[in-house]
Amino acid sequence: MKNLKRYNQLFENTQELTQEQEDWLDKCTRGTWSVNPQTGLVDVDGGFNCRQMNLTDFKGVRFGKVEWYFICSYNNLKSLEGAPQSVGGSFYCYRNELKSLEGLPAGFSVDRGFNCSHNELESLEGLPAGFKVGVNFYCSYNNLKSLKGLPAVVIVTGK
């Protein structure tokens, strides 16, 4: 019976994680993580740091809400596919191999700073609709010719 699914697979939108993914989440999470049954995304109650792990992607993990910070700097990322939908602190993806910021989810928001410096960005046109940054947006040391694609309202001060 190939088409049988567990009860929670029928009524909840959960991603099934491999042991390797779970071990990676345990190693990189400061706090706790869980798969949100409504969204199927991994939420982190705390911070997440996968810095300097020679990653080319997020191991197939898709993130939802991260309470503190999300650090994926000093890797070999070419895309931010699977990145969190929201971050309560800062998001750091500097020193990767990103040519665009495509892959960030629609409505992406970060309460503090967003740092995509020291990549290979040629344009900011890949920023998703609804992109919001609470304090600072850093994009220095890239191959940008203009800031075209940067939403008109990115910085919302006072947080």
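This note comments on the salt bridges and cysteines of a predicted model.

1. Salt bridges in total. The predicted structure contains four salt bridges. Three of them, including the pair formed by Glu 20 and Lys 59, are taken up in the points below.

2. Glu 20 and Lys 59. These two side chains form a salt bridge with an N to O distance of 3.4 Å. Glu 20 belongs to helix 2 (residues 19-28), while Lys 59 sits in the loop between strand 2 (42-49) and strand 3 (63-66), so the contact ties together parts of the chain that are 39 residues apart in sequence.

3. Glu 67 and Lys 65. A further salt bridge joins the side chains of Glu 67 and Lys 65, at 3.6 Å from N to O. Glu 67 is partly exposed, with 34% relative accessibility. Lys 65 is likewise partly exposed, its relative accessible area being 43%.

4. Glu 120 and Lys 99. The side chains of Glu 120 and Lys 99 also meet in a salt bridge, with an N to O distance of 3.9 Å. This pair links distant parts of the chain, 21 residues apart: Glu 120 is in the loop between strand 8 (113-115) and strand 9 (132-133), and Lys 99 is in the loop between strand 6 (91-92) and strand 7 (109-110). The distance of 3.9 Å counts as a salt bridge because the cut-off is within 4 Å. Glu 120 is partly exposed at 31% relative accessibility, and Lys 99 is partly exposed at 47%.

5. The structure holds zero disulfides. For Cys 116, the nearest cysteine sulfur belongs to Cys 93 and is 5.3 Å away. A disulfide requires sulfur atoms within 2.5 Å, and therefore Cys 116 is in no disulfide. Cys 116 counts as buried, at 0% relative accessibility.

6. Cys 139. This residue, too, is in no disulfide; its nearest cysteine sulfur is that of Cys 116, at 5.4 Å. Cys 139 counts as buried, with a relative accessibility of 16%. That value falls in the buried class because the class covers residues under 20% relative accessible area.

How values were computed:
Residues numbered from 1 in each chain as written. Predicted model: local features only at pLDDT ≥ 70, side-chain atom pairs only at ≥ 80, totals over all residues. Heavy atoms only, no water. Helix = DSSP H or I, 4+ residues; strand = E, 2+ residues; numbered from the N terminus. Buried < 20%, exposed > 50% of the residue type's maximum accessible area, 1.4 Å probe, protein only.
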